[in-house]
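Please look over the structure shown below, and then follow the description of one chain and its contact with another.

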Protein chains: 2
Amino acid sequence: MTPELRKDPVTGRWVIIAGERGQRPNPFRHYAPATEAGGDCPFCPGHEGMTPPEVLVFRDDPGDGGSAPSWIVRVVPNRYPALRIEGTPDKRAEGLYDMMRGIGAHEVVIESPEHDGDPARYSPGQMAGVIRAYRDRTTDLLRDTRFRYVLVFKNHGAAAGATLTHPHSQIIALPVVPARLEAELAGAIRYFEYRGRCVYCDILSQEVSDGRRLVTQNAEFIALAPFASRFPFEVLVLPRRHDAFFWTLAKHQVEALAEILQDVLRRYRLALRDPPYNYVIHTAPPGHPSPEVYHWQVEVMPKLTDVAGFEWGSGFFINPTPPEEAARALRDLERFMDVTDAQLLRGPGAPA
Amino acid sequence: MTPELRKDPVTGRWVIIAGERGQRPNPFRHYAPATEAGGDCPFCPGHEGMTPPEVLVFRDDPGDGGSAPSWIVRVVPNRYPALRIEGTPDKRAEGLYDMMRGIGAHEVVIESPEHDGDPARYSPGQMAGVIRAYRDRTTDLLRDTRFRYVLVFKNHGAAAGATLTHPHSQIIALPVVPARLEAELAGAIRYFEYRGRCVYCDILSQEVSDGRRLVTQNAEFIALAPFASRFPFEVLVLPRRHDAFFWTLAKHQVEALAEILQDVLRRYRLALRDPPYNYVIHTAPPGHPSPEVYHWQVEVMPKLTDVAGFEWGSGFFINPTPPEEAARALRDLERFMDVTDAQLLRGPGAPA
């Protein structure tokens, strides 16, 4: 079957039913069966022909005066897209159910030419290139008026859903707004109607003055452990300056976001020994009529424990690590931030 | 720290921050560190002293005229509760945040005396005893007016969050309604206001006449693959007769629920080779003023793939298995329902 978007008739949440394209259902296969044999990584330099043609590429400045510039970040369409780019949504009903064709874009950001690269150890310029690719692709995809949201996310490590080890993130353009964002927008509107202020601006202000949940900060962003964290060591990266839309980032903000995100990921790497993790960019949808109510942000979640299904089934979370303790543990790493990997594997408490 | 309930200031979702009771945060330890060494299973007969005293027990009828009746189902308080039973909620604010003391009950239903028991293979009476325990404990816990919801769920298999292999499920009484239930109640109210009918009654009627997503049924219940399933092989068990409240189950309905739930779990076992899974009972909260809008149900989810964090981070799901294909695969097992485990391991397609 071609992909479909289906709406839950009770909660209104949209789901992509991606289908197995005519094959028998095989529940044990991950959605994106992109895993290639060892030496055949489709994301490595020299294998560019294994991916669809790139939609964006950043290259080295060949400042050394000689060799041809090589790419440092590439963005390509996903070979196994969850959504198809062609066509119109064709919304329709089937009895009480609502559905539409699964149109959208699904792209892969190849973050580095290095197969074993790790965002925690990229050069600042490399990470800034990744953030710039997120911004520029989002801007470009939103020119297509069929798309109501662009979801930027990264799965790091197999347990967090990465099917290829070569570092990459994903961009999905959707004709609907994801449920979590709808809930955040609705909550932010409620707060604004009551208080007349952006809830995230208030959170930022309270967290900076309180300090117990702060992880790290720079001139443009703060990183904090949310008051009602669902997961141990969850981190929220908030821009200091109110803006509803992620893609308005200026150049110095791209660099500042790259810096704070790497700072958080380095702290994870050190405190939690290179854990699997995910991050997701939350932004207001394009054309949102009340940009004063929402504040874009990056949600970062290490995957440390198997989340039990009752949490899926109930929306109710039990978090064993108070965010104040998580923040303190991540803050206290300052003096270890330059340790080597060999030291890292011995643990922060071990003699160097 | 003592457990706290904290409310997300944007979405309104409550989270239990359970704390590590004075120890260093250890993100790699699961919440309920109840795993005991091999021969020391606290749930096995003869080890009753290893659990807190039981709050409910069902015993064999010693109809054989001799030996003392032994227990078939026991319910005991969780030794490592996420919530504390004593005290009042003491709601309070901390700046813009809302919180309360983590009061509630956390109980374990020891489903069988057999350490290697499997719900898919319990006797019908055993499974009915488990459902009866859910019903009776829920009724008893709701006598405590501090509790606004009772969450009944099962984690089967380590990947689904079970920390002990001896078959058990859990009951958590809460002073708040879980976010997912709030969303379902709100959606069901919207539908009722517009259509004047229970959305789940309409789903039931459409699914029975359509048939493509039906998995199995009996006189009291149907089991179906939801139209907008988030996960491969997700199943919803709906009572045919409208009722908002789970705990009103009559005896014949207890038996019918036990039967259909076992039927679904046997189909999982056969089609998916004994997968990890979870189920969660959804019910209207006690005293809900509009019982005509909501319809209690059981949500059953095999854990077949690692859910990527972007799904946590966005509320947006990609499901590779259309529910129609999942339902057909589960329906088509009729002739295999009595196969042995040896046959099962060779797979349904193999010669007997």
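A residue is called buried if 20 or more other C-beta atoms lie within 10 Å of its own, exposed if 12 or fewer do, and partly exposed in between, with the C-beta atoms placed from the backbone. By that definition, buried residues make up 49% of the 352 residues in chain A.

This is a predicted model, in which local features need pLDDT of at least 70 and side-chain atom pairs count only at pLDDT 80 or more, while totals for chains, interfaces and linings use all residues. Residues are numbered from 1 along each chain as its sequence is written, and chains are lettered from A and ligands numbered from 1 in the order in which they are written.

Chain A has seven helices and 15 strands, where helices (H or I, at least four residues) and strands (E, at least two) are DSSP runs numbered from the N terminus. Two residues are in contact if their C-beta atoms, placed from the backbone, lie within 7 Å; of the contacts in chain A with a separation of 6 or more, 68% are between residues 24 or more positions apart.

In helix α6 (residues 323-331) of chain A, the buried residues include Pro323(A) and Leu330(A), and the buried residues of α6(A) pack against these elements of chain A:

| Element of chain A | Residues |
|---|---|
| β10 | 214-217 |
| β11 | 221-224 |
| α4 | 251-272 |

The contact between the chains takes 74 residues from chain A and 74 residues from chain B. Helix α2 (residues 179-195) of chain A gives seven residues, the largest share of the side of chain A that touches chain B.
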